[in-house]
Amino acid sequence: TQVQLIRSESLAAIGQLVAGAAHELNNPLSSAYSLTQTTVETIGSWENVKIELRNEVLDDLDFSLREMRRARDIVRSLLDLSRQTQNYMESVNLSAVIDNALRVLHNQYKKDPIVIERNYEEDLPNVQGNFANLGQVFINMIKNAIEALPDRRGTISLTTRYDRLADKVIVQCRDTGAGISSDQLKEIFNPFFTTKPVGKGTGLGLYISHEIIKKHEGSIRVESEKGKGTIFNIEIPRNRE
Ligand code: ADP
Ligand code: MG
């Protein structure tokens with residue numbers, strides 16, 4: 001309808017504006033960041049200054065660095081989001097995408113008592129998709145699962161299967177983590193919604209994931225129980241070419 005058309009056009013315009021702004025913000029942020037970092041090192045080596053004064057200044061600069069890192073993460077995510085509009089589609093195996101995501105994340109969890117269970121369907125049909133973008137979806141999803149595990153202890157199960165009737169490939173990511181309350185469940189796909197402390201989360205991961213899955217004509221569903229764990233289900237149509 002007319003209203004929808006106008007809305008999607010203005011959304012595209014906003015998308016371009018955001019991408020432009022993120023690009024413009026990237027450079028000044030990077031220079032301010034490295035300048036502050038150098039200043040921290042310089043002041044750290046000053047000897048003829050009252051130690052309390054020195055530490056006070058260093059604390060403030062540390063705070064600035066943390067805030068800048070947060071801004072930098074947001075800017076990077078927005079740039080990622082704008083870049084994926086131009087990406088080409090190919091025939092991809094979602095089990096391979098998940099394996100790749102696990103490889104990327106391995107350093108972040110290898111020291112923790114986390115069990116990763118993989119349950120992949122043999123001869124899983126491919127989907128039509130972009131390997132890097134789909135990778136981003138599963139990296140974020142598994143990272144969220146890891147971060148939800150109390151004391152980083154628990155099980156994350158990854159399942160792939162083909163639903164013949166729906167002609168779709170289904171991925172399930174299940175964790176035994178903290179779970180999500182029903183109030184928060186309504187918000188998790190909103191941009192900038194995060195329950196993580198400053199510097200830990202941008203709240204853009206699931207928003208971007210949802211955008212990526214929509215581009216693949218797929219869907220993403222979540223079920224969760226506080227204290228028990230969370231299940232994400234992603235469905236993407238089989239590649240029919
Ligand atoms: P971020 O990870 O930067 O906070 P996301 O968009 O990836 O942003 O996730 C948004 C929020 O959804 C998280 O802050 C968390 O509260 C919740 N969430 C997502 N995945 C899980 C999960 N597996 N278990 C518990 N909470 C989750
Ligand atoms: Mg996340």
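Two residues are taken to be in contact if their C-beta atoms, placed from the backbone, lie within 7 Å. On that basis, in this predicted model, Asn133, Leu134, Gln136, Val137, Asn140, Met141 and Asn144 of helix 4 meet Gly205, Ile208, Ser209, Ile212 and Ile213 of helix 6. By class, the residues of this contact comprise six nonpolar, six polar and no charged.

Two packed helices are described by the angle between their axes and the distance between the axes. Helix 4 covers residues 131-148 and helix 6 covers residues 205-215; their axes come within 9 Å and cross at roughly 145 degrees. The crossing of helix 4 past helix 6 is left-handed.

The length of helix 4 can be checked against its residue count. At 1.5 Å a residue, its 18 residues should span 26 Å, and the end C-alpha atoms are 26 Å apart, so the two values agree. The buried residues of helix 4 are Asn133, Leu134, Gln136, Val137, Phe138, Met141, Ile142, Asn144, Ala145 and Ala148.

Ligand 1 has 21 residues around it, of which Asn144, Ala148, Thr194, Gly201 and Gly205 come nearest. Helix 4 and helix 6 each supply at least two residues of this shell, and the largest share, four residues, comes from helix 4. Asn144 is listed in the contact with helix 6, among the buried residues of helix 4 and among the residues nearest ligand 1.

The class composition of the two residue sets is as follows.

How values were computed: Residues are numbered from 1 along each chain as its sequence is written. Chains are lettered from A and ligands numbered from 1 in the order in which they are written. This is a predicted model: local features need pLDDT of at least 70, side-chain atom pairs count only at pLDDT 80 or more; totals for chains, interfaces and linings use all residues. Axes are lines fitted to C-alpha atoms, for helices over the stretch in contact, and angles run from 0 to 180 degrees between N-to-C directions. A crossing is left-handed if the near helix is turned anticlockwise from the far one by less than a right angle, and right-handed if clockwise. Ala, Val, Leu, Ile, Met, Phe, Trp, Tyr, Cys and Pro count as nonpolar, Asp, Glu, Lys and Arg as charged, and the others, Gly among them, as polar. A residue is near a molecule or strand if its C-beta atom, placed from the backbone, lies within 6 Å of it. The expected span of a helix is 1.5 Å times one less than its number of residues. A residue is buried if 20 or more other C-beta atoms lie within 10 Å of its own, exposed if 12 or fewer, and partly exposed in between; C-beta atoms are placed from the backbone.
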